[in-house]
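Visitor: Hi! I'm new to reading protein structures. Could you walk me through this one?

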Amino acid sequence: MTLFTAIRRNQMRCLSLSRLGSFPLVLNSSQCRARGITSSSASTIQHESPIKYIRNIGIVAHVDADVDHGDTVTDFLPMERQRGITIQSAAITFNWPKKDDQDPSTQPHIINLIDTPGHVDFRFEVERCMPILDGAVCVIDGVEGVEAHTERVWSSAQEFKIPRFIFVNKLDREGASYQKSIQDIGMKLNGMPLVCHIPLWENDTLKGVVDVITGRVVSSAGTTDSPEVLSKISVDEAVKDEVERAREKLIEFLCEKDDELLELWTDHGKDLPSEFIKKSIRRALRNGNGSLIPIFAGSSLKNIGVVPLLDAVNDYLPSPLDRPELEVRNGEKTEPLSQVLQHSHISKKHHHKETHVEALASVFKVVNDPRRGMLTWVRVYYGMLKKNTPLWNTHLQGFEKSLNIMQISASKNVEVPYLAPGQIGALTGLKTARTGDTLIILSSNKAPPPEFSHLQVRPPEIPPAVAFIVLDAYSPTGAKALETGLENASREDPSLRWSKDEKTEQYTLSGMGALHLEIARDRLENHYKVEALWGKVVVDYKESLSTPTAPTRAVFDKTVAGNTGIAACTVVIEPLEDHSTDGLLRSSYIERDGNIIRVQFPGEDHPFDIEATRQHLINGVIAGLARGPRRGSPMYRCFVTLTYDSATDYFGAASGAHLSSAARKAVKEALGAAQQENSITLLEPVMRATIVCPEAAAGVIQHDLHAARGGHVLEVRDLQDGAGAGGNANGTGNVSDGNGREINIDDIYAPPDSYDFQKSLRETRKGKLRMLQITAQVPLAEVLEYDGVLRSKTSGHHTLTMALDTFERVTGPREKALI
């Protein structure tokens with residue numbers, strides 16, 4: 001059972017009220033009657049939950065830090081349940097606190113909870129969801145502490161400045177250490193831990209959780225954590241002393257960052273009211289720099305600590321109103337959403353018939369549901385997103401219309417008429433929208449003016465593929481089903497790419513690793529019922545340039561789909577260097593699959609829509625780079641400058657197909673000329689592998705990585721040591737926090753574990769295997785099936801995680817073998 005399931009269980013008893021309250025402004029009297037609610041009940045609901053009571057939060061965790069038995073409510077794909085990992089982001093929406101538990105004067109909060117993948121092969125899924133979150137709960141395993149993937153997702157949250165805190169899970173397990181976990185957090189995640197919970201032990205058994213701020217028991221095993229029951233539970237003097245010590249340290253760390261609390265402390269001293277401390281924690285988290293890290297404790301399997309964790313979400317994590325203003329990309333500019341909307345309002349005021357923006361939403365996930373078809377998950381940033389309203393897709397430049405809008409609860413859902421600002425929900429009926437698209441509602445059914453038509457909310461940066469698999473359809477009918485399945489899979493996950501070789505009629509599916517492709521295959525076969533002959537997963541090599549190409553001009557004047565037209569453009573392709581984009585505005589180019597594409601329009605007063613033309617030309621460049629001239633591998637690290645001059649390249653209105661075909665032709669001809677000059681090189685993906693293994697096997701593994709697989713061991717770390725590799729470890733046991741302040745392990749407050757001063761079975765077992773962490777760079781081709789090799793060397797006592805580190809040139813005999 002995961003934290004997600006435990007949360008779901010805590011609000012299941014009042015599920016109908018929770019679902020209803022999640023969209024409190026959308027129920028009319030007939031809908032209320034249909035759900036068995038009286039008009040007086042409906043009246044009460046309609047006044048609830050303004051935007052300040054909304055919490056859009058994510059749960060991020062290592063592969064199994066949040067999984068006990070693989071039965072998570074949000075893991076509704078069969079392979080997710082089978083493997084016990086989260087593969088796709090899933091969202092549930094509920095009210096907290098529950099209706100029957102809350103004080104009548106308490107305003108319930110809407111919590112939109114996003115469960116993100118915990119495996120490195122699905123990092124794109126994690127990072128696509130990060131921007132739509134207002135806060136996050138990072139779950140770590142109380143036995144393993146902070147693991148490699150935890151550091152990576154924490155770094156992603158740091159990049160997006162997501163306010164977050166940590167839940168130390170599985171403290172009921174043999175070998176769990178709350179003290180070591182807290183020290184791990186401080187030294188590996190570069191922030192000062194704020195201990196908010198003290199575990200309540202009975203011998204070596206976790207029995208509950210004590211809140212440091214209030215000094216009260218807030219969760220107890222075998223209870224529903226109701227205030228009436230918890231108020232009757234007392235703790236011994238030793239625990240009270242530890243809680244008092246923890247409260248003093250908590251206030252001390254907060255006062256170092258919060259002058260307002262410092263002034264209050266000088267007035268109140270140790271009697272500082274709890275409410276002041278909670279407000280200080282909320283202020284400390286708001287900027288998202290991770291310099292202070294609140295820590296909560298429990299066990300989702302035993303339902304210990306889950307209720308107070310949800311209370312902490314309400315108390316400490318921000319609402320959409322508390323977050324910095326959204327910035328959108330508008331053509332070549334990136335500007336605050338309010339400025340774009342201000343232009344829209346001015347247009348609305350002075351030109352009553354001119355189209356203006358009425359609502360804006362971002363697509364963060366697309367999933368094919370067996371009963372309802374494609375579900376498009378969105379977050380609304382402005383206006384009301386209503387069903388049966390035309391939506392302008394700014395990426396695909398066309399209208400779509402949603403049939404229904406739903407509140408999602410894993411594989412269960414409830415239809416609602418609209419989504420309000422700050423809300424998260426799912427749309428049905430969209431035919432082409434994919435993850436990362438931006439949707440806007442306009443005041444008319446006409447295409448928007450150029451100043452609004454290309455708005456984008458944080459367009460996704462899709463990492464280059466590192467592995468692929470070739471497949472053949474069994475029949476022409478099967479080929480159609482296969483293409484439909486592949487297209488839907490790539491809509492769900494844009495980091496999955498597919499292409500068809502028209503000569504051999506074979507299909508290629510590319511992804512972020514072996515597991516990524518294995519999951520894709522399982523979904524295509526079991527969900528989309530695709531029948532195909534599958535090859536083996538192989539490394540996705542790349543081609544690149546060693547020298548710039550000469551300017552190459554191409555003219556395309558063929559008939560496309562019955563439409564005549566002429567388009568031309570000029571392309572220069574250069575090797576992409578670290579300094580290639582120096583001096584360029586970030587909005588003046590795009591990055592796609594490791595390449596930089598820049599489109600230039602010389603002159604002024606262009607007789608065409610610049611942004612629409614730019615997008616068509618970019619699409620053509622992407623198509624041209626998809627297959628290199630040497631071995632048909634994708635081009636990588638190319639800096640493409642395309643010039644479209646209205647004086648020489650514009651021959652009147654041309655379709656988008658003509659523009660993209662001209663760009664594709666120019667790129668192909670430039671690369672063909674480079675191949676003739678032997679300027680095309682081969683690159684291979686090099687992974688950063690992190691291996692945790694017993695000390696006895698570490699020497700053999702290091703030798704194997706270096707001597708047999710061409711790898712380089714970067715670091716070997718004893719996991720028993722306090723200092724971590726995630727920060728600026730300097731050999732003194734110190735790291736720096738988010739503000740540059742040095743953190744010493746001796747400064748970190750961590751309460752003692754229950755077995756610190758007694759010889760226990762747990763302690764004996766814990767010291768049985770001394771584990772080392774090996775970090776190495778190694779070519780992916782050498783470690784595609786390395787997990788099995790490690791299993792034989794460690795008797796299964798290991799973990800292996802890999803992430804793309806870089807691409808390096810292939811030379812010598814290995815290069816010749818690939819041609």
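Predicted model: local features only at pLDDT ≥ 70, side-chain atom pairs only at ≥ 80, totals over all residues.

Visitor: Okay! How many helices and strands does the protein chain have?

Guide: The protein chain has 24 helices and 40 strands.

Visitor: And what percentage of its residues count as buried?

Guide: Of the 819 residues, 56% count as buried. The chain exposes about 34,300 Å², and carbon and sulfur atoms supply 49% of that area.

Visitor: What about contacts between residues that are apart in sequence?

Guide: Take the contacts between residues at least 6 apart in sequence: 76% of them join residues at least 24 apart.

Visitor: Let's zoom in. Why is strand S14 largely enclosed?

Guide: Strand S14 covers residues 373-382, and eight of its ten residues are buried, so the rest of the structure largely encloses it.

Visitor: Which strands does S14 pair with?

Guide: S14 pairs with strand S13 (residues 357-369) in the antiparallel sense, over nine bridges. S14 also pairs with strand S21 (residues 424-428), again in the antiparallel sense, over five bridges.

Visitor: How is S13 joined to S14?

Guide: By a hairpin, through three residues.

Visitor: Nice. New topic: what is the order of the strands in the open sheet of five?

Guide: The order is S30-S31-S34-S33-S32, and the pairing is mixed. The edge strands are S30 (552-556) and S32 (590-592), each of which pairs on one side only. On average, neighbouring strands of this sheet are turned by 25 degrees against each other, ignoring direction.

Visitor: Which helix packs on the sheet?

Guide: That's helix H18 (residues 610-625), which touches S32, strand S33 (595-600) and strand S34 (638-643). The direction of H18 makes about 145 degrees with that of S33.

Visitor: Now helices. How do H20 and H23 cross?

Guide: The axes of helix H20 (residues 695-708) and helix H23 (residues 786-794) come within 10 Å and cross at roughly 145 degrees. The crossing is right-handed.

Visitor: Which residues meet there?

Guide: From H20, they are Ala697, Val700, Ile701, Asp704 and Leu705; from H23, Tyr786, Leu790, Lys793 and Thr794. By class, this contact has six nonpolar, one polar and two charged residues.

Visitor: Last one: where is Val466?

Guide: Val466 is in the loop between strand S23 (455-456) and strand S24 (467-473).

Visitor: Is Val466 buried or exposed?

Guide: Val466 counts as buried because its relative accessibility is 1%, and the cut-off for buried is under 20%.

Visitor: What does Val466 touch?

Guide: Leaving out residues up to four places away in sequence, its contacts include Gly511, Met512, Val538, Asp540, Pro685, Leu780 and Phe807. Val466 and Pro685 are 219 residues apart in sequence, but 6.1 Å apart in space, C-alpha to C-alpha.

Terms used: Residues numbered from 1 in each chain as written. Heavy atoms only, no water. Buried < 20%, exposed > 50% of the residue type's maximum accessible area, 1.4 Å probe, protein only. Helix = DSSP H or I, 4+ residues; strand = E, 2+ residues; numbered from the N terminus. Pairing = 2+ DSSP bridges. Axes fitted to C-alpha atoms, helices over the stretch in contact; angles between N-to-C directions. Left-handed = near helix turned anticlockwise from the far one by under 90°. Contact = heavy atoms within 4.5 Å. Nonpolar A, V, L, I, M, F, W, Y, C, P; charged D, E, K, R; others polar. Areas by Shrake-Rupley, 256 points an atom, 1.4 Å probe, with all protein chains shown as cover.
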